[in-house]
Amino acid sequence: MTTSLRGFRDILPPESELFAQIEAAAREVFGLYGYQEARIPTLEQKELFVKSTGDTTDIVEKEMYAFTDGGGREVAMRPEGTPGVVRAYIQNNLGQTGRNGKFFYIGNMFRAERPQAGRYREFTQIGAEYIGNPAPAADAESISMLVRLLEKAGVGGCSVVINSLGCAECRKAYREVLLGFLRGQAGKLCEPCRGRIERNPLRALDCKTDGPWLAQEAPKRTLCPNCEAHFSATQRLLGAAGVAYEVNTSLVRGLDYYTGTVFEVRSGALGSQDAVCGGGRYDDLVRSMGGPAAPAIGWAVGLDRMAMLLKDRPAPDKAPKTFVIAAAKEAGDRTFALMTALRAAGISSDFSNFELSLKSQMRSSGKSGAAFALIIGEDELKAGTVAIKPLKQQGEQFTVPAADAPAKLKELLNAGNNL
Ligand code: AMP
């Protein structure tokens with residue numbers, strides 16, 4: 001037997017139902033905030049991620065599913081959604097449409113990380129990007145929408161951590177200070193950090209090995225007056241929106257394009273992979289990718305991890321309301337037509353195999369969880385009727401004209417509170 005690849009998994013019922021529920025909650029929330037969906041390709045030119053996510057990031061350096069295709073093109077399976085949305089924004093001149101620049105996506109991402117609970121090589125992210133608004137209100141709206149989405153989906157017990165990385169100027173100044181410090185501490189740094197401090201010293205703060213002690217000992221970032229004002233206005237607005245958060249000046253996030261506000265949402269219930277969502281401002285990315293000057297902010301939440309947090313919730317009842325049974329050899333066509341009519345009337349219906357015995361079909365109807373079995377045997381066939389047998393409630397089997405069956409069923413289901 002050929003099995004799925006390590007780190008790749010099947011999302012089957014009831015988990016797939018949970019995914020659908022979360023997606024529905026997300027779509028509802030996005031609608032309230034004026035976000036519209038962008039469906040972007042799974043495969044892109046490799047250089048898109050190298051240039052945007054950054055070539056010193058783990059994602060690009062070690063984890064990307066990148067290969068040369070049959071036509072000799074260097075391509076990559078998307079490891080995250082932002083670069084594709086930004087490319088689409090630029091390529092389609094979306095900045096000139098006069099629209100609000102708010103996009104969401106729901107899609108699978110690929111990273112060749114070491115698989116463990118909550119960490120897969122293919123996973124799904126729900127992401128939001130707000131392109132073109134530099135104001136602190138855009139930051140506060142983006143974060144509060146995320147919190148609303150988690151609430152709406154039923155995910156509780158999360159904490160929001162925010163920080164500001166400052167503008168290019170602030171980061172340049174801090175980079176020098178931090179680099180000086182890290183050079184002096186090179187002996188204490190892990191191998192990968194030592195290898196990249198000259199290229200990207202900030203990444204050390206985000207390192208799983210060195211991050212914790214650097215948070216204590218490394219010099220703290222400072223912000224210019226503009227960035228300080230932006231960050232405090234963002235916090236004030238978050239307060240006005242009733243969002244609880246915590247400031248952590250060591251939070252940097254693993255991608256290169258972040259500027260200004262960055263944030264993460266974590267849940268203690270997830271164990272070691274406790275990040276539910278990550279995001280931040282990327283004011284220079286659109287321009288650096290060849291587009292207009294369009295400051296932006298966005299985030300991506302992990303659907304797999306949200307589903308893990310909800311897995312103990314009772315699964316929604318997906319049993320069909322009715323189950324049709326052909327109890328005579330020639331009754332199959334009529335029974336099939338009945339099932340079609342029920343579905344057309346908005347009543348869910350299922351069947352097993354009309355060629356099996358009545359007993360066997362009855363057994364299947366019991367297992368299906370349906371509220372009513374609808375049986376067409378020889379008598380019903382002759383009389384043009386259907387026998388209705390309640391499966392979940394007390395009550396005798398009774399007969400109605402076949403044409404009246406959908407209306408009768410609707411009445412019964414409504415009376416029984418849909419059973
Ligand atoms: P990132 O793009 O790394 O900021 O990740 C954003 C969110 O996506 C994380 O907070 C996780 O919820 C989710 N995520 C990232 N990587 C994985 C993965 N390998 N498996 C499952 N979920 C992931």
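This is a predicted model: local features need pLDDT of at least 70, side-chain atom pairs count only at pLDDT 80 or more; totals for chains, interfaces and linings use all residues.
R111 lies in a loop. That loop runs between β5 (102–110) and β6 (122–131). The relative accessibility of R111 is 14%, so the residue counts as buried; the cut-off for buried is under 20%. Leaving aside residues up to four places away in sequence, R111 touches I59, E63, Y65, P79, E80, Y120, R121, F123 and Q125. One of these, P79, is also reached through its backbone: the side chain of R111 comes to the P79 backbone oxygen at 2.9 Å.

The ligand has 14 residues around it, and R111, E113, Y120, R253 and V276 come nearest. A polar atom in the R111 side chain lies 2.8 Å from a ligand oxygen. E113 faces a nitrogen atom of the ligand instead, with a side-chain N or O atom at 2.7 Å. At C277 the backbone is involved: a polar backbone atom there is 3.2 Å from an oxygen atom of the ligand. The ligand taken alone exposes 480 Å², and the protein buries 92% of that area.

Strands contribute to the shell around the ligand. At least two shell residues come from each of β6, β10 (275–281) and β11 (296–302). The largest share belongs to β10, which supplies three residues.

A three-stranded open sheet has the order β2-β4-β3, and its pairing is antiparallel. The edge positions are held by β2 (43–45) and β3 (66–68). Each has a single partner strand, so one side of each lacks a neighbour in the sheet. From one strand to the next, the twist averages 35°. Three bridges connect β3 with β4 (residues 74–77), and these two strands run antiparallel. Within this pairing, A66 stands opposite A76 of β4. Helix α2 (residues 46–54) packs on the sheet and touches β2, β3 and β4. The direction of α2 makes about 75° with that of β2.

A further open sheet has five strands. Their order is β13-β12-β14-β15-β16, and the pairing is mixed. Here β13 (349–350) and β16 (398–401) stand at the edges. Each pairs with a single strand, so one side of each is left without a neighbour in the sheet.

Strand β15 (residues 385–390) pairs with β16 over four bridges, in the antiparallel sense. T385 has P401 of β16 as its bridge partner. Two helices accompany this sheet. Helix α13 (residues 358–368) lies across β12 (322–326), β14 (372–376) and β15. The helix α13 runs at about 175° to β12. Helix α15 (residues 405–415) packs on the sheet as well, touching β12, β14, β15 and β16. The direction of α15 makes about 130° with that of β16.

How values were computed. Residues are numbered from 1 along each chain as its sequence is written. Side-chain values use heavy atoms; hydrogens and water are left out. Buried means under 20% relative accessible area, exposed over 50%, partly exposed in between (1.4 Å probe, protein chains only). Contact means heavy atoms within 4.5 Å. A polar contact is a pair of N or O atoms within 3.5 Å; within protein, one must be able to donate a hydrogen and the other to accept it, and residues adjacent in sequence count only if both atoms are side-chain atoms. Two strands pair if DSSP finds at least two bridges between them. Axes are lines fitted to C-alpha atoms, for helices over the stretch in contact, and angles run from 0 to 180 degrees between N-to-C directions. A residue is near a molecule or strand if one of its heavy atoms lies within 4 Å of it. Accessible areas come from the Shrake-Rupley method with a 1.4 Å probe; for residues, only the protein chains shown count as cover.
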